[in-house]
Amino acid sequence: MAEYKFKVKTNSPTGTLIDRLINRYAGGSDDITVAYLRIKDSSGTVLGQASVSPSDWSNHTITKSVTITTGGSAAAFTLESSDGAELYRYAVSLSLNAGDVVTITWTIGISLGSNCTGVNYVLENIEGTATTTNLKINGVTFFEAGSAIKTFDSSNATVSVTPDTTNDRVIVTITFTSNSNFGYDSFELINPEGKPLISVTASGGITAGIQTTFKVTISIGAG
């Protein structure tokens with residue numbers, strides 16, 4: 001029996017995870033929570049696996065030992081949801097025998113894009129530790145100099161969220177009429193609970209009494 005140890009750090013989700021997150025932002029219920037760490041060969045055969053529970057995560061890192069049940073040439077380590085969808089995949093080249101033990105320490109993270117200053121609750125939902133599981137975009141809060149100015153959501157505006165999994169993006173359109181003029185230097189897209197999901201630095205101004213259509217396109221890709 002041989003023992004192997006690996007440390008993996010990735011900000012790069014699979015296309016499946018990207019699509020599922022896009023659908024969650026649009027109100028879907030797609031499963032994005034890691035349930036298994038698996039070691040696979042190039043044909044997808046599972047050589048060994050370990051279950052992953054929310055309590056296994058600490059600082060967005062898990063350490064799991066996988067006992068190989070089927071010997072072969074490992075081609076990838078994967079983090080998968082309960083339905084077997086690959087959420088993260090890390091390529092390897094390793095010859096393994098039944099009985100070998102592979103200990104993997106895996107850290108996940110987020111790479112922020114241009115003008116994006118924060119993305120909340122995503123990693124926690126992937127880990128199953130989130131206090132907020134509702135990732136549906138339901139409105140926007142505008143800020144100036146760190147102070148909240150106005151919030152427009154489904155209670156006082158028309159909110160449309162269109163998932164575009166072909167182009168890995170979410171298109172958010174919020175139509176509202178403000179009762180006062182204001183300027184802003186940042187905004188947060190919020191969920192139905194009013195909690196911030198995505199924070200963006202951007203400047204603009206809103207004129208009172210005029211119907212305004214606020215449109216944001218959020219691109220989601222590998223880090």
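Is Tyr 121 buried or exposed? Tyr 121 is buried, with a relative accessible area of 18%. The model is predicted.

Most residues other than glycine have a negative phi. Tyr 121 sits in the loop between strand S8 (116-119) and helix H2 (122-127). Its relative accessible area of 18% counts as buried, because the cut-off for buried is under 20%.

Asn 59 also has a positive phi, of about 55°, and is not a glycine. Its loop runs between strand S3 (46-51) and strand S4 (61-67). Is Asn 59 buried or exposed? Asn 59 is exposed, at a relative accessible area of 69%. The cut-off for exposed is over 50%.

## A three-stranded open sheet

Three strands build an open sheet, in the order S11-S12-S15. Their pairing is antiparallel. Strand S11 (158-164) and strand S15 (211-219) are the edges, and each pairs on one side only. From one strand to the next, the twist averages 15°.

How many bridges join S12 and S15? Strand S12 (residues 169-177) pairs with S15 over nine bridges, in the antiparallel sense. Within this pairing, Arg 169 stands opposite Ser 219 in S15.

## A helix on the sheet

Which strands does helix H1 touch? Helix H1 (residues 15-25) packs on the sheet and touches S11 and S12. The direction of H1 makes about 165° with that of S11.

Terms used
Residues are numbered from 1 along each chain as its sequence is written. This is a predicted model: local features need pLDDT of at least 70, side-chain atom pairs count only at pLDDT 80 or more; totals for chains, interfaces and linings use all residues. Side-chain values use heavy atoms; hydrogens and water are left out. Two strands pair if DSSP finds at least two bridges between them. Helices (H or I, at least four residues) and strands (E, at least two) are DSSP runs, numbered from the N terminus. Axes are lines fitted to C-alpha atoms, for helices over the stretch in contact, and angles run from 0 to 180 degrees between N-to-C directions. Contact means heavy atoms within 4.5 Å. Buried means under 20% relative accessible area, exposed over 50%, partly exposed in between (1.4 Å probe, protein chains only).
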